[in-house]
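I open this notebook to record what I looked up in one structure, entry by entry. Each entry takes up one topic.

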Amino acid sequence: KKGGKGKKGGKGKKGGKGKGNEKKGAKVFKTKCSQCHTVEAGGAHKQGPNLYGFFGRQSGQAEGYSFSTANKKSGVMWSEETLSPYLENPKKYMKGTKMVFAGIKKEKERNDLIAYLKASCVSA
């Protein structure tokens, strides 16, 4: 076996807990998400909804934001297990979503982003 960076844990949906780096996730959020989303409590909705408090909540529930019917009716509960496939390909995961984002193909980047979102968006 060769050493090096290529630590690829199984590509399954399990085992996502604790794999992400919150600091790196903040950078991913800033470059890929912050143009459309905010994370702070009471933050404004932009093209996408404010994400504060979304972790552990059903999709399409942020007050004052006009979600697509697909998002409101999806029944998805946001967690590490649902966020990873959604962030990989939003339009495939939730057909009819109005989120115009191609997705994040790299699992490590998604894990970092999820770690950041989990720390930043959980309501007290």
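**Entry 1. The chain as a whole**

I note at the outset that this is a predicted model. I looked up the secondary structure and found five helices and zero strands. Along the sequence, the pattern reads α-α-α-α-α. I then turned to burial: of the 124 residues in the chain, 39% are buried.

**Entry 2. Helix α5**

I checked the length of helix α5, which covers residues 107-121. Its 15 residues should span 21 Å at 1.5 Å a residue, and the end C-alpha atoms lie 20 Å apart, so the two values agree.

Which residues of α5 are buried? I list Glu107, Arg110, Asn111, Asp112, Leu113, Ile114, Ala115, Tyr116, Leu117 and Cys121. Their cover includes α1 and α3, the latter being residues 80-88.

**Entry 3. The packing of α1 on α5**

I next examined how α1 and α5 meet. Two packed helices are described by the angle between their axes and by the distance between those axes. Here helix α1, residues 22-32, packs on α5 at an angle of about 95°, and the axes are 7 Å apart. An angle of 65 to 115 degrees counts as roughly perpendicular, and α1 and α5 are therefore roughly perpendicular to each other.

I recorded both sides of this contact. From α1 come Glu22, Lys24, Gly25, Ala26, Val28, Phe29 and Lys32. From α5 come Glu109, Asp112, Leu113, Ala115, Tyr116, Leu117 and Ala119. By class, the residues of this contact are eight nonpolar, one polar and five charged.

**Entry 4. Tyr116**

Buried or exposed? Tyr116 has a relative accessibility of 15%, and buried means under 20%, so Tyr116 counts as buried. Setting aside neighbours within four places in sequence, I found Tyr116 in contact with Glu22, Gly25, Ala26, Phe29 and Val39. One of these, Gly25, is 91 residues from Tyr116 in sequence, yet their C-alpha atoms are 5.0 Å apart in space.

**Entry 5. Helix α3**

I went on to α3 and found it mostly covered, with seven of its nine residues buried. These are Glu80, Thr82, Leu83, Ser84, Pro85, Tyr86 and Leu87. What do they pack against? I found that the buried residues of α3 pack against α4 and α5.

**Entry 6. The cysteines**

How many disulfides does the chain hold? The count comes to zero. I looked for the reason in the sulfur distances, given that a disulfide requires cysteine sulfur atoms within 2.5 Å. For Cys33, the closest cysteine sulfur is that of Cys36, at 8.8 Å, which is too far for a bond. For Cys121, the closest is that of Cys33, at 9.7 Å, again too far for a bond. I checked burial as well: Cys33 counts as buried at 12% relative accessibility, and Cys121 counts as buried at 0%.

**Entry 7. The loop between α1 and α2**

I examined two residues in the loop between α1 and α2, the latter helix being residues 69-73. Gly53 lies in this loop and counts as buried, with a relative accessibility of 11%. Beyond its neighbours within four places in sequence, Gly53 is in contact with Cys121 and Ser123. The C-alpha atoms of Gly53 and Glu40 are 9.0 Å apart, and the two residues are separated by 13 residues along the chain.

Ser68 is in this loop too, and I found it buried, with a relative accessible area of 10%. Not counting residues up to four places away in sequence, Ser68 touches Gly96, Thr97 and Lys98.

**Entry 8. Val100**

Val100 is exposed, with a relative accessible area of 60%. Apart from residues up to four places away in sequence, Val100 touches Gln47 and Lys91. Val100 and Gln47 are 53 residues apart in sequence, and 9.6 Å separates their C-alpha atoms.

Terms used: Residues numbered from 1 in each chain as written. Predicted model: local features only at pLDDT ≥ 70, side-chain atom pairs only at ≥ 80, totals over all residues. Heavy atoms only, no water. Axes fitted to C-alpha atoms, helices over the stretch in contact; angles between N-to-C directions. Helix = DSSP H or I, 4+ residues; strand = E, 2+ residues; numbered from the N terminus. Parallel < 35°, antiparallel > 145°, perpendicular 65-115°, else oblique. Contact = heavy atoms within 4.5 Å. Nonpolar A, V, L, I, M, F, W, Y, C, P; charged D, E, K, R; others polar. Buried < 20%, exposed > 50% of the residue type's maximum accessible area, 1.4 Å probe, protein only. Expected span 1.5 Å × (residues − 1).
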